[in-house]
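Please open the model in your viewer and keep the selection panel at hand.

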Amino acid sequence: MASSGKMEGPSAPVVRRDPYEVLSVPRDSSDQEIKSAYRKLALKYHPDKNASNPEASELFKEVAYSYSILSDPEKRRQYDTAGFEALENEGMDMEIDLSNLGTVNTMFAALFSKLGVPIKTTISPTVLEEAMNGTVTVRPLPVGTSATGKVDKQCAHFFGVTISEEQAHSGIVVRVTSPAQSKFKLLYFEQEVNGGYGLALQEDSQKTVKVTSAGMYFLHFQVYRMDSTVNALAMAKDPEAVFFKRLEGLQPCEVSALKPGTHIFAVYGDNFFKPASYMIEAMCAKSYEDTTERLKEIESKILAKRNDLRQFETDYRKALARFQEVTNRYTQEREAVDDMLRERDNIHCSFTTERTLVNPVGAGSSSRYTTEHSIPESPENVNIDGRDKSGKKKWFNLNLNRSDRKA
């Protein structure tokens with residue numbers, strides 16, 4: 001397994017170390033142990049706390065990069081199997097911290113985003129640190145109500161949703177929409193023992209019809225989110241099979257149920273330059289039983305369809321390869337038949353008494369001649385049809401004497 005070497009990406013350190021070594025966790029660590037190790041190191045090496053230590057910034061990036069691998073089940077599996085090479089082959093995408101970008105780079109990122117290039121952004125370390133320290137202002141958001149607001153870029157508005165045991169049993173849905181089509185993130189924080197809040201889930205806003213929206217569904221069954229970045233990367237690798245990659249961004253949500261009590265959510269402004277306008281709602285699924293059942297059914301169908309498409313893609317590629325093979329043979333056979341018929345026609349045309357000779361005396365002039373007699377006959381012995389008549393007597397040349405006639 002590779003343990004060093006150069007890597008690419010805006011948040012990547014120059015030298016790569018084993019992510020487990022960077023976070024100081026064993027290979028069999030649980031997700032929670034990895035998350036806790038990351039939070040401690042991220043706070044320790046945060047650039048704002050280490051202004052006089054230039055190495056802290058690189059260590060902070062290394063910690064973030066290692067966590068981006070080990071916090072993702074698929075990336076962790078790939079790394080455990082084949083090291084960094086597996087991640088490079090998969091075209092692992094890096095996330096951009098907008099707070100560290102200059103104005104020019106931010107303008108380029110905004111331009112690419114408008115052109116449809118998916119750009120994943122990280123949450124500002126300042127927001128994460130304030131949440132971890134418990135110094136954020138939390139507004140209450142009762143179940144069945146909504147709130148609106150505008151959040152500055154790279155800032156967050158925090159909300160506390162308190163749910164009863166009955167509501168927790170029925171299920172809770174928290175959704176954020178933006179009619180202005182602002183970019184934002186919906187965040188869910190878990191309560192830490194020190195009184196702070198640790199980031200547990202995040203959903204990037206997606207454009208749907210005329211709004212952008214993001215939602216978290218705690219309904220006691222597996223709900224999936226669609227990561228458009230994964231879809232775009234898969235499609236870029238294989239533009240000819242875009243259809244088969246449409247469901248590859250389907251990722252299972254890590255939390256499917258909430259316990260009774262107060263839970264912390266936040267709306268994070270992810271616009272490049274301006275504040276993000278939003279409306280956040282908290283709902284109990286008991287009032288949406290039919291809708292919940294429909295969601296459960298369609299999630300199951302989509303997951304099954306993704307598995308079917310993976311198998312169908314294999315069959316399709318085999319059929320496509322076979323089609324290409326027979327199509328190439330068709331072209332070759334057609335050309336071969338055309339060549340043989342053309343040669344046959346030329347051979348047929350060779351059966352003729354007519355030949356063309358170049359006159360050695362003339363300047364490129366030619367004369368026609370027949371092939372049945374190589375030596376021409378004198379004019380008197382040659383009939384107009386070319387046949388010899390010299391051996392026959394002609395009645396008009398007979399010289400009869402009178403003595404030869406009978407009396």
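**Cavities first**

A search of the whole structure finds 2 cavities of 30 Å³ or more, a cavity being a set of points on a 1 Å grid over the protein atoms alone where a 1.4 Å probe fits but cannot get out, with points joined across faces, edges and corners and the volume taken as the space filled by probe spheres set on them. This is a predicted model, in which local features need pLDDT of at least 70 and side-chain atom pairs count only at pLDDT 80 or more, while totals for chains, interfaces and linings use all residues. Residues are numbered from 1 along each chain as its sequence is written, and side-chain values use heavy atoms, with hydrogens and water left out.

Select L201, E203, G215, M216, Y217, F218, V223, R225, C253, E254 and V255, which line the largest cavity (lining residues have an atom within 4 Å of a point); its volume is about 70 Å³. The lining divides into 7 nonpolar, 1 polar and 3 charged residues, where Ala, Val, Leu, Ile, Met, Phe, Trp, Tyr, Cys and Pro count as nonpolar, Asp, Glu, Lys and Arg as charged, and the others as polar. Strand β8 (211–218) gives the largest share of this lining, 4 residues; strands here are DSSP runs of E of at least two residues, and helices runs of H or I of at least four, numbered from the N terminus.

**The nonpolar cores**

Next select L258, F265, V267 and I280, which touch the most other members of the largest nonpolar core, a set of 28 residues. Such a core joins buried Ala, Val, Leu, Ile, Met, Phe, Trp, Tyr and Cys residues through side-chain atoms within 4.5 Å, buried meaning under 20% relative accessible area with a 1.4 Å probe, protein chains only. The largest share of this core, 5 residues, comes from β12. Apart from it lies another core, of 18 residues, including V22, I34, F60 and Y67.

Centre on L258 and display its contacts (heavy atoms within 4.5 Å): leaving aside residues up to four places away in sequence, L258 touches I163, A168, I172, Y188, F218, H263 and F265.

**Helix α2**

Finally, select residues 31–44, helix α2, whose 14 residues reach 20 Å from first C-alpha to last, close to the 20 Å expected at 1.5 Å a residue, that is, 1.5 Å times one less than the number of residues. Its buried residues are I34, K35, A37, Y38, R39, L41, A42 and L43, and they pack against elements including α3 (54–70) and β6 (197–204).

Conventions
Buried means under 20% relative accessible area, exposed over 50%, partly exposed in between (1.4 Å probe, protein chains only). On a 1 Å grid over the protein atoms alone, a cavity is a set of points where a 1.4 Å probe fits but cannot get out, and a pocket is an open set with protein on both sides within 12 Å along at least five of seven lines; lining residues have an atom within 4 Å of a point.
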